[in-house]
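Here are my notes on the model, point by point. Please keep the structure open while you read.

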Amino acid sequence: MAKGNYKSKILLVEDEETLAIGLRYNLTEENYRVVWAKDGREALKYFGSQSFDLIILDIMLPYYDGFEVARRIRKKSPQMPILMLSARTAVKDRVTGLEIGADDYLTKPFHLEELLARIKGMLRRKMWYRELTSAQPIYSFGDIEINFENLSCRKGKREFRLTPLEAMVLKYLIDHKGKIVSRKELLEKVWNIGSKVETRTIDNFIMRLRKYLEPDPAKPVYIKSVRSAGYIFSDTKVSSLPK
Ligand code: CA
């Protein structure tokens with residue numbers, strides 16, 4: 001089996017000692033460098049003084065919980081890949097996590113193989129995105145301007161920030177504008193992990209992007225649905241699909 005990128009450095013934020021020690025051992029075996037933070041305060045301390053490629057973040061933590069840690073990390077480092085871990089299966093957690101900008105989400109207990117696959121996918125995605133955006137970080141259409149580097153977005157006078165995954169999905173659609181992009185293609189190219197993510201997840205991302213960008217999200221003009229085929233991006237507000 002191919003080993004992880006030797007240089008990738010992971011901040012592991014987990015207060016359950018047995019789990020953390022096990023994960024640190026297994027991740028080190030996969031050639032990742034691992035720094036373990038036992039609580040939210042320690043996590044922010046390490047994050048402030050070292051650089052990381054990815055963060056594994058438990059939600060229930062002493063001092064600051066995972067949501068608060070994620071919020072603070074996002075402010076400084078919008079593109080940092082964050083994989084959230086939760087013992088709770090509550091939908092609310094998952095939604096809050098994704099809104100704050102967790103890139104991915106695992107519910108405990110999970111299989112080590114599953115965690116490793118997610119990490120690998122997230123790191124690959126990060127590289128792909130960096131290559132894709134470095135040449136032309138800013139894209140404008142209509143009254144919208146998107147900075148794909150710091151993930152800030154302006155629509156008229158309103159400013160907001162995309163999460164890394166939202167930016168990746170949008171970037172992919174824009175790069176293929178005028179062409180139909182299937183959910184399967186988005187799963188393979190953006191998520192990098194094929195069947196592990198439900199296609200429903202993609203629809204949720206599209207719904208959120210429409211809420212940000214469309215004049216009327218119920219009648220999208222930029223990100224249109226193509227029945228049983230996928231999505232198509234157009235920046236010219238055309239009302240018909242290309243032949
Ligand atoms: Ca915990």
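1. Start with N31. N31 sits in the loop between α1 and β2 (33–37); helices (H or I, at least four residues) and strands (E, at least two) are DSSP runs, numbered from the N terminus. Its phi is positive, about 75 degrees, although N31 is not a glycine. Most residues other than glycine have a negative phi, and most peptide bonds are trans. N31 counts as partly exposed because its relative accessibility is 31%. The cut-offs: buried is under 20% relative accessible area, exposed is over 50%, and partly exposed is in between (1.4 Å probe, protein chains only).

2. A word on the basis. This is a predicted model, where local features need pLDDT of at least 70 and side-chain atom pairs count only at pLDDT 80 or more, while totals for chains, interfaces and linings use all residues. Residues are numbered from 1 along each chain as its sequence is written, and side-chain values use heavy atoms, with hydrogens and water left out.

3. The chain overall. It has eight helices and 12 strands. Of the 243 residues, 51% are buried. Take the contacts (heavy atoms within 4.5 Å) between residues at least 6 apart in sequence: 56% of them join residues at least 24 apart.

4. The parallel sheet. Five strands form an open sheet, in the order β2-β1-β3-β4-β5, with parallel pairing. Two strands count as paired if DSSP finds at least two bridges between them. β2 and β5 are the edge strands, each pairing on one side only. Neighbouring strands of this sheet are turned by 20 degrees against each other on average, direction ignored. Axes here are lines fitted to C-alpha atoms, for helices over the stretch in contact, and angles run from 0 to 180 degrees between N-to-C directions.

5. Inside that sheet, look at β1 and β2. They run parallel and are joined by five bridges. L11 has V35 in β2 as its bridge partner. Which strands does α1 lie across? α1 lies across β1, β2 and β3, and runs at about 170 degrees to β2.

6. Helix α3. This helix lies across β3 and β4 (82–86), at about 175 degrees to β4. Its buried residues, within 66–76, are G66, F67, V69, A70, I73 and R74. These cover an arc of only 160 degrees around the axis, so they fall on the same side of α3. The arc is taken from the directions from the helix axis to the C-beta atoms. K75 and K76 are exposed, on the face turned away from the buried side. At the N-terminal end, D65 caps α3: a side-chain oxygen of D65 lies 3.2 Å from the backbone nitrogen of F67.

7. The calcium ion. Which residues are its protein donors? They are D15 (OD), D58 (OD) and M60 (O), at 2.1 to 2.3 Å from the ion. Donors are N, O and S atoms within 2.8 Å of the metal (3.2 Å for Na, K and Ca); water is not among the atoms, so sites may look incomplete. The sequence spacing of the donor residues is D-x42-D-x1-M. D15 lies in the loop between β1 (9–13) and α1 (17–29), and D58 lies in strand β3 (residues 54–58), so the pair ties together parts 43 residues apart in sequence.

8. A cis peptide. The bond from K108 to P109 is cis, with omega near -5 degrees. P109 is in the loop between β5 (104–107) and α5 (112–134).

9. P137. This residue lies in the loop between α5 and β6 (138–141) and is partly exposed at 23% relative accessibility. P137 and N147 are 10 residues apart along the chain, yet their C-alpha atoms are separated by 5.7 Å. Not counting residues up to four places away in sequence, P137 touches I146, N147, F148 and E149.

10. The β11–β12 hairpin. These strands pair in the antiparallel sense over four bridges, with I223 opposite F233 in β12. Three residues lie between the strands, and S228 takes a positive phi near 55 degrees in this hairpin. S228 belongs to the loop between β11 (223–226) and β12 (230–233). At 79% relative accessibility, S228 counts as exposed.

Note on methods
A polar contact is a pair of N or O atoms within 3.5 Å; within protein, one must be able to donate a hydrogen and the other to accept it, and residues adjacent in sequence count only if both atoms are side-chain atoms.
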